[in-house]
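Here are my notes on the structure you passed along.

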Amino acid sequence: MLNPEPTPKTPRQSWMAVLARADAAAIADQLPPNDLLPGWRLLRGPEAGLIMLRGRTGGAGAPFNLAEMTVTRCTLRLATGQVGHATIAGQDPRHAELAALADALLQDPARHAALHAALIAPLAAGQDAAREAIAARAAATRVQFFALQTMRT
Amino acid sequence: MAYVAVKGGERAIEAAHAWRAEARRGDPALPALDPAQIEGQLGRAVDRAMAEGSLYDRKLAALAIAQAEGDLIEAAFLLRAYRTTLPRFGASLPLDTERMAIRRRISAIFKDLPGGQVLGPTTDYTHRLLDFGLRDGQAPPAAPVADPDRAPMPRVADILAAEDLIRPDPPAAAEPADITRAAPGFPPPRDARLQSLARGDEGFLLGLGYSTQRGYGGSHPFAGEIRMGAVSVEIVPEELGFAIDIGEIVLTECQMVNQFAGTKTEPARFTTGYGLAFGHADRRAMAMALVDRALQARELGEDATAPAQDAEFVLGHADNIEATGFVEHLKLPHYVDFQSEIEAVRRLRAMAATALAEAAE
Amino acid sequence: MSVAPATVVPPDRPGFADPVADAQATFRAVLDALARPGRIHPAGVGLDAPAPLAPATAALLLTLVDPDTPIWLAPALAAARDWIVFHCGAPLVADPGAAAFVVTTELPPLDRLAAGSDEAPEAGASVILQLAALGTGPRMRLTGPGLAAPSLFAATGLGAGFVAAWWANRALFPRGIDLLLCAGTELAALPRSVSVEAL
């Protein structure tokens with residue numbers, strides 16, 4: 001009842017997905033204090049906008065436009081050169097900026113391991129646990145119907 | 001018929017708005033409603049406002065519902081108006097419902113389908129008795145849990161398609177139609193129809209879907225599969241060039257399966273109707289799927305005689321924001337129009353009275 | 001409407017300092033420029049535009065161009081490509097005839113651009129033409145909607161064939177091309193409804 005075949009993600013795609021699902025406070029809590037960070041310059045945003053969600057006809061067929069969703073995006077560049085990006089569902093400019101900042105910091109080989117362990121690993125574990133909790137509730141409603149004699153003659 | 005511009009009335013309008021705000025707040029002795037409560041506890045209302053507002057954002061939808069005093073068409077209207085203020089950054093990759101984190105998955109056509117059936121948080125088997133315990137704020141018992149099964153849950157339509165039992169879709173246009181950017185021509189392509197139905201009024205879709213079951217363009221539908229759960233949204237930002245996952249949305253998907261007798265050139269197979277709705281919305285997804293199937297009549301060479309098979313009728317009237325705008329505009333001043341009508345009626349009556357008097361002489 | 005956007009390297013130069021207020025001010029300037037053909041308005045003042053874009057040109061792009069508006073970018077302005085795609089999200093097209101905005105430093109053949117249809121004249125393309133100067137150069141007399149009396153206009157770099165090309169464009173009305181002229185931090189417009197005579 002979990003995604004049967006998650007597409008293999010690159011490490012960066014994986015941490016970006018975790019950051020997108022976190023909230024601003026959870027990211028801020030685990031980032032080093034500002035005076036220990038390189039400076040950064042906002043290149044674009046954080047800005048609110050929309051994404052047109054696409055479905056597929058019949059689930060697997062031709063794409064169609066379903067409806068829009070709100071997103072917030074941010075791109076910034078660290079003084080050390082890394083460019084971080086975040087696009088997150090919903091409207092929270094602070095979340096988008098912190099996610100972009102974390103994305104940039106995680107691209108710095110000197111910082112990656114410590115930040116991944118302090119920030120991404122616990123967030124990912126929490127998100128996995130939340131997914132598991134839903135899957136466990138779903139599993140409890142798994143049903144085996146027994147067909148009786150057909151009612152129609 | 002047209003309405004006319006009028007001036008004045010500002011003070012009365014301000015007073016009306018103030019009274020409305022006061023009425024919305026209700027009894028000040030009770031705590032004010034927090035939109036977060038609506039988001040958390042009136043989830044189906046949020047789903048519907050998002051679908052008809054054509055905008056996925058649970059927080060904004062909850063705020064719109066609070067502002068609209070629970071009037072869901074008004075809430076959808078507020079969301080539609082708000083979305084026009086935001087730039088569109090692009091389109092998502094097509095949502096992959098095969099990879100949905102399943103909360104509910106049922107099939108009315110296969111008892112033992114691969115991956116099994118999961119009821120999810122449903123009201124289907126309740127007795128529709130009012131639960132007076134809710135008045136006392138009783139906490140519900142914790143939902144039971146069981147070991148999650150990791151068996152894949154292929155879509156039922158794909159299982160049938162693997163046996164060549166489903167009529168394949170015709171090849172698609174490179175870029176899907178977008179009814180928010182260009183009005184679809186008639187007859188509209190299926191992608192434009194699905195987009196219209198996805199934002200259509202649930203009551204209208206339900207009535208039309210029901211009509212197909214009652215013989216108005218019927219094609220004997222089966223609920224092949226209904227699945228509900230979270231799906232990841234992916235986009236490809238231009239500065240990255242690869243897909244990123246920006247979060248999850250909850251969707252309900254319905255595949256209706258209908259018999260298709262075949263033609264001289266095509267074997268007998270099944271056809272499908274497709275429904276996809278925000279949130280947990282079986283009724284909306286099922287009604288959408290029924291109407292989607294009915295609207296395929298022309299493509300399948302069926303007689304299109306019923307209202308649900310008439311794309312111009314269905315798509316022209318499904319949008320409740322358009323509908324409420326046109327119906328409710330009748331409240332606006334039509335003084336000039338009506339004055340001319342009343343004069344016409346008086347004239348006709350005067351002529352008739354004269355004719356009668358002359359005939360009597 | 002969208003062609004897959006090209007990939008870009010995020011440029012260091014930002015867009016508007018205050019995206020909402022600056023875009024609104026520029027939009028107002030465009031409206032006024034179109035409503036009063038030939039009148040010169042400030043645009044892009046204070047904007048750190050990427051070379052070779054003039055501030056007015058950059059401000060117009062930030063204001064008018066988005067993922068729904070395919071643009072054709074003249075090779076002379078190609079150095080600003082990443083900035084435009086990054087900040088505007090606009091899909092770039094190879095055929096000027098498929099563009100909603102044609103961004104260039106030389107008057108393109110107007111008859112090769114999308115002129116819209118009688119049912120949808122709004123589908124006509126807009127040309128954002130960056131010139132050396134507005135207010136100086138060959139002089140023209142403008143007449144038409146928005147001008148109570150004929151008005152004088154001058155611009156440097158429109159080219160010798162401009163007046164003839166414009167008459168052909170004017171004859172298509174309500175179809176046709178609208179011309180947005182930029183130089184430095186100045187903007188003027190020649191909507192398709194205006195008539196131009198060389199002096």
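This is a predicted model: local features need pLDDT of at least 70, side-chain atom pairs count only at pLDDT 80 or more; totals for chains, interfaces and linings use all residues.

1. Local features were taken up only at pLDDT of at least 70, and side-chain atom pairs only at pLDDT 80 or more. Keep in mind that totals for chains and interfaces use all residues.

2. One to look at is Arg284(B) with Glu52(B), at 2.6 Å from N to O. Arg284(B) sits in helix 9 (residues 282–294) of chain B and Glu52(B) in helix 3 (residues 43–53) of chain B, so this pair ties together parts that are 232 residues apart in sequence. Are the two partners buried or exposed? Arg284(B) has a relative accessible area of 2%, so it is buried, and Glu52(B), at 1%, counts as buried too.

3. Arg284(B) has another partner: its side chain also meets that of Glu202(B) in a salt bridge, with 3.6 Å from N to O. Glu202(B) belongs to helix 8 (residues 202–213) of chain B, while Arg284(B) is in helix 9 of chain B, so the link spans 82 residues of sequence. Both Glu202(B) and Arg284(B) are buried.

4. A further pair in chain B is Arg80(B) and Asp319(B), whose side chains form a salt bridge at 3.0 Å, N to O. It links distant parts of the chain, 239 residues apart: Arg80(B) is in helix 5 (residues 72–83) of chain B, and Asp319(B) is in the loop between helix 10 (311–317) and helix 11 (320–328) of chain B. Arg80(B) counts as buried at 10% relative accessibility, and Asp319(B) is buried at 8%.

5. Now the interface of chain B and chain A. Here 80 residues of chain B are in contact with 65 residues of chain A. The buried area is about 6,300 Å², and carbon and sulfur atoms give 57% of it. On the chain B side, Phe89(B), Arg99(B) and Ile246(B) supply 12% of the area buried against chain A, more than any other three residues.

6. What about polar features there? There are 10 salt bridges across the interface of chain B and chain A, along with 34 residue pairs in polar contact. Strand 6 (residues 244–260) of chain B gives the most to the side touching chain A, with 9 residues. By class, that side has 43 nonpolar, 14 polar and 23 charged residues. One of the salt bridges joins Arg131(A) and Glu248(B) at 3.3 Å, N to O.

7. The two chains also pair through strands. Strand 1 (residues 40–56) of chain A runs parallel to strand 2 (residues 88–91) of chain B over 3 bridges, with Met52(A) opposite Ala91(B). Strand 2 of chain A, in turn, is joined by 2 bridges to strand 1 (residues 55–56) of chain B, again in the parallel sense. There, Met69(A) stands opposite Tyr56(B).

8. How many residues does each chain give to the contact of chain A and chain C? Chain A gives 7 and chain C gives 6. They bury about 670 Å² between them, 45% of it on carbon and sulfur atoms. Arg41(A), Leu43(A) and Arg44(A) supply 62% of what chain A buries against chain C, more than any other three residues.

9. Between chain A and chain C the count is 1 salt bridge: Asp12(C) with Arg77(A), at 2.7 Å from N to O. There are also 3 residue pairs in polar contact. Strand 1 and strand 2 (63–78) of chain A are the elements that give two or more residues to the side of chain A facing chain C. That side divides into 2 nonpolar, 1 polar and 4 charged residues.

10. Finally, the strands of chain A. Strand 2 of chain A is mostly covered, with 14 of its 16 residues buried. Strand 1 and strand 2 of chain A run antiparallel and are joined by 14 bridges, with Leu50(A) opposite Thr70(A). They form a hairpin with 6 residues between them, and Gly58(A) in the turn has a positive phi of about 70°.

11. On from there, strand 2 of chain A pairs with strand 3 (residues 83–89) of chain A in the antiparallel sense over 7 bridges. Arg77(A) has Val83(A) as its bridge partner. This hairpin has 4 residues between the strands, and Gly81(A) takes a positive phi near 110°.

Technical notes
Residues are numbered from 1 along each chain as its sequence is written. Chains are lettered from A and ligands numbered from 1 in the order in which they are written. Side-chain values use heavy atoms; hydrogens and water are left out. A salt bridge is a side-chain nitrogen of Lys or Arg within 4 Å of a carboxyl oxygen of Asp or Glu. Buried means under 20% relative accessible area, exposed over 50%, partly exposed in between (1.4 Å probe, protein chains only). Contact means heavy atoms within 4.5 Å. Buried area is the accessible area (1.4 Å probe) that two parts lose on being put together, summed over both. A polar contact is a pair of N or O atoms within 3.5 Å; within protein, one must be able to donate a hydrogen and the other to accept it, and residues adjacent in sequence count only if both atoms are side-chain atoms. Ala, Val, Leu, Ile, Met, Phe, Trp, Tyr, Cys and Pro count as nonpolar, Asp, Glu, Lys and Arg as charged, and the others, Gly among them, as polar. Two strands pair if DSSP finds at least two bridges between them.
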